[in-house]
Amino acid sequence: MSQYENDIIEDKDDNPNTSGDLGLRHRIPWSDRVLLNSEIPGLHEVKELLEDDDASCLAEEEDGVGCPLPSTPEDDHLLDCEMTEVLKAGVLSDEIDLGALAHNAAEQAEEFVRKVWEASWKQCHFRNLPRWLQDNDFLHAGHRPPLPSFYACFRSIFRIHTETGNIWTHLLGCVAFIGIAIFFLTQPPIEIQLEEKLVFGTFFAGAIICLGMSFAFHTVHCHSECVGKLFSKLDYCGIAMLIMGSFVPWLYYGFYCDYQPKLIYLSVVVVLGITSIVVSLWERFGEPNYRPLRAGIFMGFGLSGVIPAVHYAITEGWFKAISQASLGWLILMGCLYILGALFYALRVPERFFPGKFDIWFQSHQIFHVLVIAAAFVHYHGITEMAMHRMTIGDCANPAQIRSLAPSQRGKRPLLSDVSNTVEFVTKPIIQREKRVCRNNAKNIHIPEYKAAALTAEDISATQGVISEHEERVKKLLSKPFKIPVPGYHLSGRTLGIRLSGPRIALHDPNEANALVVYIPPELSEHERIKLDLSKQLVHVVVDPLLCNILRPHQREGVKFMYECVTGKRIDGAYGCIMADEMGLGKTLQCITLLWTLLKQGPECKPLIEKAIIVAPSSLVKNWYNEIYKWLNNRVRPLAIDGGSKSDIDTKLTGFMKTYGRRCANPILIISYETFRLHAHVLHQDEVGLVLCDEGHRLKNSENQTYQALMGLKAKRRVLLSGTPIQNDLLEYFSLVHFVNQGLLGTAQEFRRKFEIPILRGQDAAATDNERKLAQERLTELVTIVNKCLIRRTSALLSKYLPLKHELVVCIKMGKLQTDLYKNFIQSDSIKKSMEENNSEISKKGGRSLSALSAITLLKKLCCHPDLIYDKIIEKSDGFENALKLLPSNYSTKEILPELSGKFMVLDCLLASIKSTTRDKIVLVSNYTQTLDLFEKLCHKRCYKYVRLDGSMSIKKRSKIVDSFNDQNSDDFIFMLSSKAGGCGLNLIGANRLVMFDPDWNPANDDQAMARVWRDGQKKPCFVYRFLCTGTIEEKIFQRQAHKKALSSTVVDQEDDVARHFTLNDLRDLFKLEENTVSDTHSKFKCTRCVNGIEVKGPPEQSDCNSDLSDWRHAHNPRHLPDIPLRQCWSSGISFVFHHRSHEQVKG
């Protein structure tokens, strides 16, 4: 074995861990991949040596301590590893010259390793770094190894390691300041003069040099020890340059008219800066042990700015120092620098969590971010100083002129700046009369029109030359600075200045008719003495603009909602339900609440910064118009009523990412559908308040819209619904749970404790014990919910709106309708379906699809046979034998009102209204097919009409509504789909409304019927509800009455709600009651009607909101309040329930 091989073995034995300590990355064993010729002498010894060496290398790599090769080929272990390749080449040749092979192999290996590790390197642990790369021992892993070239160093900025954050923070900051500097310095001289460019240029140069040097240092300091030390010194020099550049603009503008202090302070800054640079170039200054010294020197240099700041504040006053010299921004900048230096010096947070902040959020990265923030804060501050100086003009105080620099004295001043003015004299001037007399010389005369430069001593004499006319012209020509943005007003506040005196309310609480929603607690005399006036609570008073138009019940509603959303009524709960009935002005009350929260609070600052209004798509534009109507241009809401997904995402992101009191669009108006589709954007940040119009859309807590709104980060929630209970108490629970989560427990707890006992007590067949328990649970439920729910009925509108008559008109079906109805319910397929359905009801508790389909077909048949004609032709289930019942000449091309009892009455009613009045009428149906029949009838009778259904765009809907409400419009009929336009539309252009078919949900019918009797209505209103006598329509109406009784009990808290229907009655849907004038009236077992005559009137206090049994019952047309309806009685009317909204006051 050769001497070189022995040296390798000895070195390996003497120092087995040397390669690991030096952080060398070892090669992969090659023994498995290269086949050596076993016949070569000495092969086995060499192979064993190489295998042992490779095994030890791999063992060290598995321990995770390996690091890339350094770039120095003189390393013994580098030769050790590379000699493996040399030995391989040697043993395969005939003559082995180990010395020559070792030399050539070392050179080739060095080049190979350099190229390989330039392309790929492995992160190192701190303990495996060379000493010159060890800086922060609290950062354990993720370090870059020594990289052999600048190219490799710059490529490493795209890798993740401990320096990635440090590199990119200052690289991006450097690019940003380069862009700002280019934009600023390239402005034309007429806008920014050369002096201003030079002053700002020093700051830009300091910032760019500092950030650029920092970026360069963190990028290349791993190249080698020499390069690292060089760029470390340049990095510290860059910090000194930034501090110097930051001082120059402030001193220039702060002491603009005081030349001597400015010169002194600038000189001191330059000296301190040069000193810092010299110290930075000191060799030992960059060592880790001197980290506190480095931070201290730069902190001291920066804090030296306190001296000129205090000087300025003493000479000019603290107010001017804050408002004119941007001292507030200067202080903020200093705090950011100092905070960053403290993070850097103390190595927080990695000091407390070693190894946890190796890559991100380490102290050096925090320091970098704070440096950039401080630089931008300073730029903003000096910009304000420059703008202030440009606004007030040059120095005009004669006492300050003496301290001006010579270059500034030569400037040509304004007319008012008479110092150093060259004036053309039109009359001889005697110069220094006293001096001439003393020297016994003649007076010296200056010829006319020759220029004479005035000195400082002549200022008083020169000022007297300016005539009153010149002053007047100067005053006329001078234009004060005007902000070019229309409608923009300065707040009058400056950073760092607190308004003197105690806090005061935004509006006067003692003003007449003021609505005070918050009153500060009373303080004792002792508490008043100790109270800090800057922290005292103030009254919250509604803006008089809105307060003066609110009605008494609306004022009460605004105050109730304010107390709820501020947590005053329920501790820890900030939501409420505004459950006023339709037409009571819920929209105006909510706008008043929004405006109050956005503008004021007990601590003299707004309680919220922004709010979201979620509404049905048809009401988005209506909310926008209402806000504009009541608040004019005081606030600019953002209404999302269409657009592509990307456009909507952009708008919503802009809204969510806007903070502070200067939010351009503090109110977002969005539809439920759009909110659900873009919930991922709206869930990003917090919102002060969410307001849900037509909140009964959230009755199902399982649907996606409900879940999307529940995920919104908004603790203040307001829900608007005129019908909080539509079907059952579980829907009521969902609404309360949305505004105040957990107030009623979970859904299972609510059902067990409240819903089941209350529903059992509502049944007409309930026992006394069940009713007693229901009353107890109802009282408990109402007590809890009433703290966050306010409910007023439309009876309040009687003071403000004209009289309204509601009429439930029972109409006999035509002969064809009756025959088809009987044929359907008696068909074998329907009977079989009902039997299967009954078994499913007993098992599952619900109706099958076939039963629902049968109900829908019966409802359509009650409207007109044309609606089921296609089913009859197809002979579908239930209509197998119905075709023979149709007349031989039956056609759907033209409508025949005689085939439908309801259409005969409608046809007669429209003709009577058209011929005897000038009223307009709204026709509402649940089916667009019925609207098609309305259109055919209008064409047949030549009535002008408009139609609104789900196919119409949102923008077009508002146009046709406005057109119909116009008094000059010729439209007689407004056809409305209850699903598309039953909520929120204002149709006060009409004073009559026909609800042609009932809906299972009474809230839908109530919403649709409230379109005409609302604010702005001037005429008496008539609302008709058409029902086919004894059919499924009456059964649906009875179910509505049952649901309304539940709502009256829980929401309206009416005690004696009549129980007329058992559950068995309500389930008996498929039965035709032929021998009755009204199945509903028959089930009442009415005691006021005897032999078809109402012998006793309704209770005195009853109205159309009362139970149906307390309405007037008309068996004949004699006492009907509506003359056109009287004329229609013979068309098929069998019975009418009717009542008025309030007692008419006779004048």
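Tutor: Start at a single spot. Glu-694 is placed in the loop between β9 (689-692) and α29 (704-710). This is a predicted model.

Student: Why is Glu-694 called buried?

Tutor: Buried means under 20% relative accessible area. Glu-694 has 8%, so it counts as buried.

Student: Where else does a residue other than glycine have a positive phi?

Tutor: At Arg-347, with a phi of about 55 degrees. Arg-347 lies in the loop between α14 and α15.

Student: Is Arg-347 buried or exposed?

Tutor: Its relative accessibility is 16%. The cut-off for buried is under 20%, so Arg-347 counts as buried.

Student: What kind of peptide bond joins Val-348 and Pro-349?

Tutor: A cis bond, with omega of about 15 degrees. Most peptide bonds are trans. Pro-349 sits in the loop between α14 (327-346) and α15 (363-392).

Student: Which residues does UniProt mark as "transmembrane region"?

Tutor: The unreviewed UniProt entry gives residues 167-186, 198-218, 238-256, 263-282, 294-314, 326-346 and 366-382.

Student: What does the model show over residues 326-346?

Tutor: That span is 95% helix and 0% strand. Its end C-alpha atoms are 30 Å apart. Residues 238-256 are 89% helix and 0% strand, with end C-alpha atoms 27 Å apart.

Student: Which residues touch the most other members of the largest nonpolar core?

Tutor: Phe-177, Phe-200, Phe-204, Trp-250, Leu-251 and Tyr-253. This core has 51 residues. Another core lies apart from it, with 44 residues, among them Ile-577, Met-656, Val-690 and Leu-744.

Student: What is Leu-251 in contact with, beyond four places in sequence?

Tutor: Lys-262, Tyr-265, Leu-266, Val-269 and Pro-308.

Student: How many aromatic pairs are there?

Tutor: The count comes to 29.

Student: Why is the pair of Phe-203 and Phe-204 called tilted?

Tutor: The ring centres are 5.9 Å apart, and a pair needs centres within 6.5 Å. The planes stand at 50 degrees. Under 30 would be stacked and over 60 edge-to-face, so this pair is tilted.

Student: What makes Phe-353 and Phe-357 edge-to-face?

Tutor: Their planes are at 65 degrees, and the cut-off is over 60. The centres lie 6.1 Å apart, so the rings pair under the 6.5 Å limit.

Student: Is Phe-353 buried, exposed or partly exposed?

Tutor: Its relative accessible area is 47%. Buried is under 20% and exposed is over 50%, so Phe-353 is partly exposed. Phe-204, at 2%, is buried. Phe-203, at 0%, is buried as well.

Student: Which residues do ring pairs link into a cluster?

Tutor: Phe-177, Phe-184, Phe-200, Phe-203, Phe-204, Tyr-252, Tyr-253, Phe-376 and Tyr-379.

Student: How do you know that Lys-610 sits over the ring of Phe-655?

Tutor: The charged end of Lys-610 is 5.4 Å from the ring centre, and the limit is within 6 Å. The rule also asks for a position within 35 degrees of the ring normal. Arg-717 lies over the face of Phe-738, at 5.0 Å from the ring centre.

Student: Why is His-737 called buried?

Tutor: At 18%, its relative accessibility is under 20%, so it counts as buried. His-737 lies in helix α30 (residues 729-739). Beyond its sequence neighbours within four places, His-737 is in contact with Tyr-706, Met-710, Gly-742 and Gly-745.

Student: What does the whole chain come to in helices and strands?

Tutor: 45 helices and 21 strands. Buried residues make up 48% of the 1147 in the chain.

Conventions. Residues numbered from 1 in each chain as written. Predicted model: local features only at pLDDT ≥ 70, side-chain atom pairs only at ≥ 80, totals over all residues. Heavy atoms only, no water. UniProt positions renumbered as here; feature names shortened; annotations may be inferred. Helix = DSSP H or I, 4+ residues; strand = E, 2+ residues; numbered from the N terminus. Core = buried A, V, L, I, M, F, W, Y, C linked by side-chain atoms within 4.5 Å. Buried < 20%, exposed > 50% of the residue type's maximum accessible area, 1.4 Å probe, protein only. Contact = heavy atoms within 4.5 Å. Phe/Tyr/Trp six-rings, centres within 6.5 Å; stacked < 30°, edge-to-face > 60°.
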